[in-house]
Structures are given as structure tokens and as C-alpha cells.
Amino acid sequence: TEVTANWLPPLIHVMETRPEVGAAQPLLLLHSEPTLVNTAGNKMHFCGFAFCGDYRRPAESIPPGVHPVAYASGAALMLRMEGLARSGDFDEKLFMYHEDCDLQIRLRQVGYECVLVTESSILHKYRENFYGRKYALLDRNRWLVLLKDWPLLRLLAAGPALLGTELAVLVFAAKKGWLREKLYTYGEIARVLPAVLRDRRAVQRARARNATDGEQLTGALVFPGLDHWLITGVANPLLSAYWRLVHRVLRIP
């Protein structure tokens, strides 16, 4: 990363004036194309997929101000120490990928907000290239976050969608040549599962009754490389409708 002029004071100001904020990020811009957004706050799918929000959108089109986000990018992140004392710190089992996501789910569950501060900006040397082990780590950690952080009702309600997306990931892995790495992750998950379940008990005990982490979840995947018609034309509409039914109609948290 490369900082820009006056990047730090806006973040400090938000932390000092808004005690409900537990995590804040600057607007992350692409280092190679600084007029374009790397992420204006990351998005999270109710099936656990996480991705950059507003990727490659013109930076000037992002509304100014402080905006709630599903979770702030770990590439440039300011955290409230008091919040960490309540939620716990980064989970080393998640090295690497999704560790920032997991931490901020827990911050939200104990009552804090995660925000984007547009007055601050940082340049990020981001690469969108993926390879087999990276895909596998992302997917392994997606499942560890789900198993640890999702409340039981949400896990049960998301079950049919989780099964469908898992089959889709296996097909995608086979087509892209990383099926072996994907299958290996099942063994990795099994090895750490006892520790994850212990963590889950602590996380769910600490979860506030009025936690609003579900409000920021989405049913659509929107990112370069995921623009196949089966995703944009079939999966996204179906999963978005499913999540609206589950979350808003049935009031599953």
C-alpha cells in the first residue's frame, strides 16, 4: 500500500467522535489506476463468499462521508482496542484470507459498526489474479467463518443454498484445475474443526440479542471473473430472492 496526503486524521476523527465504530477503512484505490476503486468496503454473501465492493468503479462516483459496510478491508484498517477486547483478535487459524472478515463479523455481533471513511484514501497494489491454492484457501476459510460465526438458525436456513453453492464450487474447481486443492481443504477443515467449534461456543455466547450483522449480507456475487451468465442470470437472482425470504420475511438473523 501507499498512503496519500492527510489519510490518517479522518480515520482518527471518526473513531474519536463515533464510539459505536469498531473498524474503519479508507477508500482503497488501485495503485496502478488511482482514479478507480479497489474497494469501498467489502461485501459478504450469506453463503460466506466475500469480495471487494465497487471494484473498478470511478472513485469520484463514491458518495462522500462515512458509510456502513459489511466489513472493512484488512489492507488498510483502523480498529478500536476496546472492541477487540470484547470480540477477540484475529484468528490465526484463518491465515490467510477472510481473517479481516471474521474479526469484523465478531465486532458486529457484540454491537460495533464497520465503516468506510471516504475522506481518507490509500493506494493498494492489488492483483485480481487467482490460482489453485488461493482459491482453496479462500474456500476453506469461508467454511471456517460460517461454522464459527453464523448463528445456528442462519446456518440451518442457508443449508439448501450452501449445498447448492458447494456443488457449484466443486464444478468450478474441476473446470479451473484446482479440484485436488479443493478436496484437500475438507481434510484441513476436519483437522481444525474441534478448535473451531470451541471458538464457536465463545462467539455465540458473546453475540448480542440485537446483533445486526445479517443486515449487511447479500445474495449476489458481483466481481470480475464471476460474470458468467449462470451466476449473473441464474444464481444471483435466485439466491438474492432466497435471502430476502429468509432474512426479511422469516426474520432469520
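I take a residue as buried under 20% relative accessible area, as exposed over 50%, and as partly exposed in between, with a 1.4 Å probe and protein chains only. I am working on a predicted model, in which local features need pLDDT of at least 70 and side-chain atom pairs count only at pLDDT 80 or more, while totals for chains, interfaces and linings use all residues. I number residues from 1 along each chain as its sequence is written, and side-chain values use heavy atoms, with hydrogens and water left out.

**Backbone entries**

I looked up Asn 6 and found a phi near 60°, a positive value in a residue other than glycine. Asn 6 sits in the loop between strand S1 (2-3) and helix H1 (8-17), where helices (H or I, at least four residues) and strands (E, at least two) are DSSP runs numbered from the N terminus. Asn 6 counts as exposed because its relative accessibility is 53%.

I then went to the loop between H2 and H3, which holds Tyr 97, and noted that phi of Tyr 97 is near 90°, again positive in a residue other than glycine. Met 96 also has its place in the loop between helix H2 (81-87) and H3, and the peptide bond leading from Phe 95 to Met 96 is cis, with omega near -15°. I noted these entries with the background that most residues other than glycine have a negative phi, and most peptide bonds are trans.

**Pocket entries**

Grid points are joined across faces, edges and corners, and a volume is the space filled by probe spheres set on the points.

I read a volume of about 1,600 Å³ for the largest pocket. Its lining has 49 residues, and Phe 49, Ala 50, Phe 130, Tyr 135 and Leu 226 lie nearest the centre. Among the elements that give two or more residues to this lining are helix H3 (99-109), helix H4 (132-149), helix H5 (152-176) and helix H7 (229-249), and the largest share, ten residues, comes from H5. I sorted the lining into 26 nonpolar, 14 polar and nine charged residues, counting Ala, Val, Leu, Ile, Met, Phe, Trp, Tyr, Cys and Pro as nonpolar, Asp, Glu, Lys and Arg as charged, and the others, Gly among them, as polar.

The second largest pocket holds about 360 Å³ of space. I counted 23 lining residues, with Ala 40, Gly 41, Lys 43, Gly 53 and Asp 54 nearest the centre; S4, S5 and strand S6 (66-68) each supply at least two residues of this lining.

**Cavity entry**

I found one cavity of 30 Å³ or more, and the space in the largest cavity is about 60 Å³. Met 44, Ala 70, Ile 105, Arg 108, Trp 150, Asp 213, Gln 216 and Leu 217 line the largest cavity, and I class them as five nonpolar, one polar and two charged.

**Distance entry**

I placed Glu 82 in helix H2 and recorded Glu 82 as exposed because its relative accessible area is 55%. The C-alpha atoms of Glu 82 and Gly 233, which are 151 residues apart along the chain, are separated by 44 Å.

Notes:
1 Å grid on protein atoms, 1.4 Å probe; cavity = no way out; pocket = protein on both sides within 12 Å on 5 of 7 lines; lining within 4 Å.
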